[in-house]
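Biologist: Could we go through this model together? I would like to begin with the metal site and then turn to the packing.

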Amino acid sequence: MTTRPLIFTDIDGTLLDHYDYSFSHAIDVIEALNERHIPIIANTSKTFAEMEKLQQTIGFNSPFISENGAVIYIPIGYFDQQPQDTFTQGYYWVKEFCQPRTYWLELLTEHAPAFDDDFIGFSTLSVEALCEVTDLSPDNAKLALIRHYGEPLLWQGDEASKQAFIALMTGVGAQMLQGGRFLHVGGDTDKGKAMKWLADVYVKQYHAPVITIALGDSGNDTAMLEAADIAIQIKSPVHDFPVLATKKQSIKSSLYGPKGWAECITQTLLSSSDESQKNQLTFGGA
Ligand SMILES: [Mg+2]
């Protein structure tokens, strides 16, 4: 039986350039994958609003994983049957992996009033303020603020109070994740769990085994890369490769961002010397 490849990719710093957010160096490879009907599934910290815009820009019509594994959006009709445990919202079948944002906001109000002066949450952050602390344009900052499954905080207090706050919130059931700029309050989700769930859906719908190929550049990609059959680490201009604990195949790009993305996908999937094998979408299995 033919094994079908699935590509799960981080967006920022991986498919999009860290500095100019361009994916132009990956376009030829994306087209080659589309010709071979190999799905490219975004797996990102970005919001639904950001991703819906980006899917259109890049020309993706595949499912995407949003807010660091908290939710998956599958275009209605993408699979023959609606996957189990999903509900319909707009043009999508939606799979949730944690409580909604309102739950985490209430948890903050209930348990952390003593820390009110120590942080600014996204729910009270203005578009202008978000632009100031990120490189986002005002239009993209608006989309980044529309979150559904967690609350990023801009920490203003000292390190000791931050550690006390993290302990408090962890104690009442929140998962606390320190990102590059923000401290995230949310549920027990990660990109790896969401990838596995979606890969299982593909197996059921294809009636065929799949091989998962994951690409990412940062610490929040580690769970996805460690869960993948093939892990591809994309070189970052701002930090080292995170350490992976995986015995499976892993590859490090020599080029940055989308150039590294194209380099590694070409090596892994597209550069077979056997032309007939390349055209059969086969990969590995017998
Ligand atoms: Mg990234």
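Modeller: What follows is a discussion of a predicted model.

Biologist: Which protein atoms are the donors of the magnesium ion?

Modeller: The protein donors are Asp10 (OD), Asp12 (O) and Asp217 (OD), and they lie 2.1 to 2.2 Å from the magnesium ion.

Biologist: How are the donor residues spaced in sequence?

Modeller: The spacing is D-x1-D-x204-D.

Biologist: Is Asp10 buried or exposed?

Modeller: Asp10 has a relative accessible area of 5%, so it is buried, the limit being under 20%. Asp12 is partly exposed, at 30% relative accessibility.

Biologist: Turning to the helices, at what angle do α2 and α5 pack?

Modeller: Helix α2 (residues 48–58) and helix α5 (residues 138–145) pack at about 125 degrees, and their axes are 6 Å apart. The two helices are therefore oblique to each other.

Biologist: Which residues make the contact?

Modeller: Ala49, Glu50 and Lys53 contribute from α2, and Asn140, Leu143 and Ala144 from α5. By class, the residues of this contact of α2 with α5 are 3 nonpolar, 1 polar and 2 charged.

Biologist: Now the open sheet of 4 strands: what is the strand order?

Modeller: The order is β7-β8-β10-β9, and the pairing is antiparallel. The edge strands, each pairing on one side only, are β7 (119–121) and β9 (175–178). On average, neighbouring strands of this sheet are turned by 30 degrees against each other, direction ignored.

Biologist: How many bridges join β9 to β10?

Modeller: There are 4 bridges between β9 and strand β10 (residues 183–186). Leu177 stands opposite His184 in β10.

Biologist: Which strands does helix α3 touch?

Modeller: Helix α3 (residues 101–111) packs on the sheet and touches β7, β8 (150–155) and β10. The direction of α3 makes about 45 degrees with that of β8.

Biologist: And where does helix α6 lie?

Modeller: Helix α6 (residues 159–171) lies across β7, β8, β9 and β10, and runs at about 145 degrees to β9.

Biologist: One last topic: where is Tyr78 found?

Modeller: Tyr78 is in the loop between β4 (71–75) and β5 (87–89). With 27% relative accessibility, Tyr78 counts as partly exposed.

Biologist: Which residues is Tyr78 in contact with, leaving aside neighbours within four places in sequence?

Modeller: With those neighbours left aside, Tyr78 is in contact with Pro39, Asn61, Ser62, Pro63, Trp93 and Tyr202. Tyr78 and Pro63 are 15 residues apart along the chain, and their C-alpha atoms are separated by 7.9 Å.

Terms used. Residues are numbered from 1 along each chain as its sequence is written. This is a predicted model: local features need pLDDT of at least 70, side-chain atom pairs count only at pLDDT 80 or more; totals for chains, interfaces and linings use all residues. Side-chain values use heavy atoms; hydrogens and water are left out. Donors are N, O and S atoms within 2.8 Å of the metal (3.2 Å for Na, K and Ca); water is not among the atoms, so sites may look incomplete. Buried means under 20% relative accessible area, exposed over 50%, partly exposed in between (1.4 Å probe, protein chains only). Axes are lines fitted to C-alpha atoms, for helices over the stretch in contact, and angles run from 0 to 180 degrees between N-to-C directions. Angles under 35 degrees count as roughly parallel, over 145 as roughly antiparallel, 65 to 115 as roughly perpendicular and the rest as oblique. Contact means heavy atoms within 4.5 Å. Ala, Val, Leu, Ile, Met, Phe, Trp, Tyr, Cys and Pro count as nonpolar, Asp, Glu, Lys and Arg as charged, and the others, Gly among them, as polar. Two strands pair if DSSP finds at least two bridges between them.
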